[in-house]
Amino acid sequence: MKHIALRARSVRDPRRAFTATGLGDRIHSVTIGWSYSKAHKTPVTLHLTKSKMIGGQFNNKPESWNEILDLLPKGHVEIQPHDYEPENEKDWIKYLNSKSIDADLMWHGDKPGPYETPGTLDVSPYLKNIPRLQPEPVDIELPNKFVTVQWDSNDSKRTLRPDKQQLVINQYKQQYEIVTVGGESPNKLLNWSLKHIAYAISKADLHVGVDSAFMHLAFLYKPFNCVHLYNEQDGFFSHHFRRAIDNGIKLNKYYYPIRLPDGTIL
């Protein structure tokens with residue numbers, strides 16, 4: 001069994017805890033465990049601080065963690081929450097050691113955050129060749145040749161304006177039918193059910209979207225070159241997004257952001 005401690009503090013603001021508020025944070029964390037487990041043929045336990053199990057956008061973190069884990073074959077990754085909120089990473093590892101848990105503190109060695117101090121386990125190599133999952137069959141009707149699309153984001157800096165989205169979609173419509181996933185999908189199963197969304201993404205020719213939770217989900221089911229992502233020149237480029245570009249996703253295939261001399265983005 002490999003024990004991995006998810007970081008306790010935010011790598012962008014050490015005054016704040018890293019709470020795994022977003023679904024994408026949780027999928028990314030489980031992806032690390034899955035990739036490590038497959039690479040080393042050992043089960044992985046992810047250790048979570050108290051704040052990673054409470055609150056969040058929909059106040060459903062425990063259910064969300066379990067829904068993500070249910071996408072994986074049994075015996076690879078599990079989570080162990082702790083009723084403890086450490087002051088820093090050293091305090092977090094000291095606490096785990098006091099519970100006789102020999103855990104490695106994860107960090108992203110390729111693209112560390114501004115305040116991300118090195119841990120004992122650089123997880124970036126395990127994000128370059130993510131083992132693909134086989135989806136659980138579900139009862140949903142899908143077209144024969146289609147792309148999954150997701151534009152909605154809580155952060156306007158991570159997506160395109162609706163008029164630009166439509167310009168992009170019109171290009172894909174010349175070859176594919178469009179299946180929208182996420183909050184804008186007309187199909188309720190493709191709004192909320194991860195196993196239905198994962199199945200649709202796995203069967204699609206491409207996944208088209210933005211830096212979001214379903215970008216992370218797509219990485220579990222598609223080769224990087226079958227994931228097309230979009231962003232503005234002045235958009236937010238997270239370490240996840242920058243890593244995805246390095247790993248071979250297609251960036252802005254049908255949209256070319258142009259900056260005018262006054263700074264306006266067309």
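Strand 4 and strand 5 (residues 121–122) pair in the parallel sense through two bridges, where pairing requires that DSSP find at least two bridges between two strands, and where helices (H or I, at least four residues) and strands (E, at least two) are DSSP runs numbered from the N terminus. This is a predicted model, in which local features need pLDDT of at least 70 and side-chain atom pairs count only at pLDDT 80 or more, whereas totals for chains, interfaces and linings use all residues. Residues are numbered from 1 along each chain as its sequence is written, and side-chain values use heavy atoms, with hydrogens and water left out.

In strand 5, Leu121 is the bridge partner of Met106. Strand 4 (residues 104–107) directs Asp104 and Met106 one way and Leu105 and Trp107 the other way, and all are buried, that is, under 20% relative accessible area, with exposed meaning over 50% and partly exposed lying in between (1.4 Å probe, protein chains only). Strand 1 (residues 2–5) also pairs with strand 4 in the parallel sense, over two bridges, and Ala5 stands opposite Leu105 there.

| Strand pair | Bridges | Residues opposite |
| Strand 1 and strand 4 | two bridges | Ala5 and Leu105 |
| Strand 6 and strand 7 | four bridges | Phe146 and Glu177 |

Helix 3 (residues 89–98) has Glu89, Asp91, Trp92, Ile93, Tyr95 and Leu96 buried, and these buried residues pack against strand 1, strand 2 (44–48) and strand 4. At the start of helix 3, a side-chain oxygen of Asn88 comes to within 3.2 Å of the backbone nitrogen of Lys90, while just after the helix Ser100 adopts a positive phi of about 60°.

A further five strands form an open sheet in the order 7-6-8-9-10, with parallel pairing. Strand 7 (177–180) and strand 10 (250–251) stand at the edges with a single partner strand each, so one side of each has no neighbour in the sheet. Helix 4 (residues 162–173) packs on this sheet, touching strand 6, strand 7, strand 8 (206–209) and strand 9 (227–229), and its direction makes about 130° with that of strand 7; axes are lines fitted to C-alpha atoms, for helices over the stretch in contact, and angles run from 0 to 180 degrees between N-to-C directions.

Thr159 lies in the loop between strand 6 and helix 4 and is buried, with a relative accessible area of 13%. The side chain of Thr159 reaches the backbone oxygen of Trp151 at 3.0 Å. Leaving aside neighbours within four places in sequence, Thr159 is in contact (heavy atoms within 4.5 Å) with Trp151, Gln165, Val210 and Glu232.

Helix 1 (residues 23–40) and helix 2 (residues 61–69) have axes that come within 10 Å and cross at roughly 40°. Leu23, Arg26, Ile27, Ser29 and Val30 in helix 1 meet Lys61, Ser64, Trp65, Ile68 and Leu69 in helix 2.

Eight of the ten residues of helix 6 (residues 194–203) are buried, so helix 6 is largely enclosed by the rest of the structure. The buried residues are Leu194, His196, Ile197, Ala198, Tyr199, Ala200, Ile201 and Ser202, and what covers them includes helix 1, helix 2, strand 6, helix 5 (189–192), strand 8 and helix 7 (213–219).

Key:
Polar contact = N/O pair within 3.5 Å; in protein donor to acceptor, adjacent residues only side chain to side chain.
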